[in-house]
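Q: Could you take me through this model, beginning with the charged side chains and then moving on to the overall fold?

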Amino acid sequence: AGVTFLAFGNGAPDISVSVAAIQLGGEQTRLGIAALLGAAVFDAILVSAVIATYAVKKPPEVARRPFARDCIFLFLAAT
């Protein structure tokens, strides 16, 4: 339960500011949506990079198909 509250506390400001920007309309709507997507992609990539860099002593074996699929969907979701 503590991790859930931590995630909500960390993401609440981003969500509230983006909702306010979307409600303003016009160019602010695009800015609000881009801020949400940019933060999500940045967090996912940064956390993955830190884990991959420091958590393993030898390079892990990665299945190609699932890895390629996940990269493609992450790219499509971000664009």
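**Salt bridges and surface**

A: The count of salt bridges comes to 2, and please keep in mind that this is a predicted model.

Q: OK, which residue does arginine 30 pair with?
A: Arginine 30 forms a salt bridge with glutamate 27, and the closest N and O atoms of the pair are 3.6 Å apart, which falls inside the cut-off of 4 Å.

Q: And where do those two sit in the chain?
A: Both belong to helix α2, which covers residues 27–54, and because they are 3 residues apart there, about one helical turn separates arginine 30 from glutamate 27.

Q: Is that pair buried or exposed?
A: Arginine 30 is exposed, with a relative accessible area of 59%, and glutamate 27 also counts as exposed, at 55% relative accessibility.

Q: What about arginine 69, what's its partner?
A: Arginine 69 forms a salt bridge with aspartate 70, with the closest N and O atoms 3.2 Å apart. Arginine 69 is partly exposed at a relative accessible area of 44%, and aspartate 70 is likewise partly exposed, at 45%.

Q: Switching topic, how many helices and strands are there?
A: The secondary structure of the chain comes to 3 helices and 0 strands, so that, read along the sequence, the pattern is α-α-α.

Q: How much of the chain is buried, and what does the surface look like?
A: Of the 79 residues in the chain, 5% are buried, while the accessible surface comes to about 6900 Å², with 71% of that area belonging to carbon and sulfur atoms.

How values were computed
Residues are numbered from 1 along each chain as its sequence is written. This is a predicted model: local features need pLDDT of at least 70, side-chain atom pairs count only at pLDDT 80 or more; totals for chains, interfaces and linings use all residues. Side-chain values use heavy atoms; hydrogens and water are left out. A salt bridge is a side-chain nitrogen of Lys or Arg within 4 Å of a carboxyl oxygen of Asp or Glu. Helices (H or I, at least four residues) and strands (E, at least two) are DSSP runs, numbered from the N terminus. Buried means under 20% relative accessible area, exposed over 50%, partly exposed in between (1.4 Å probe, protein chains only). Accessible areas come from the Shrake-Rupley method with a 1.4 Å probe; for residues, only the protein chains shown count as cover.
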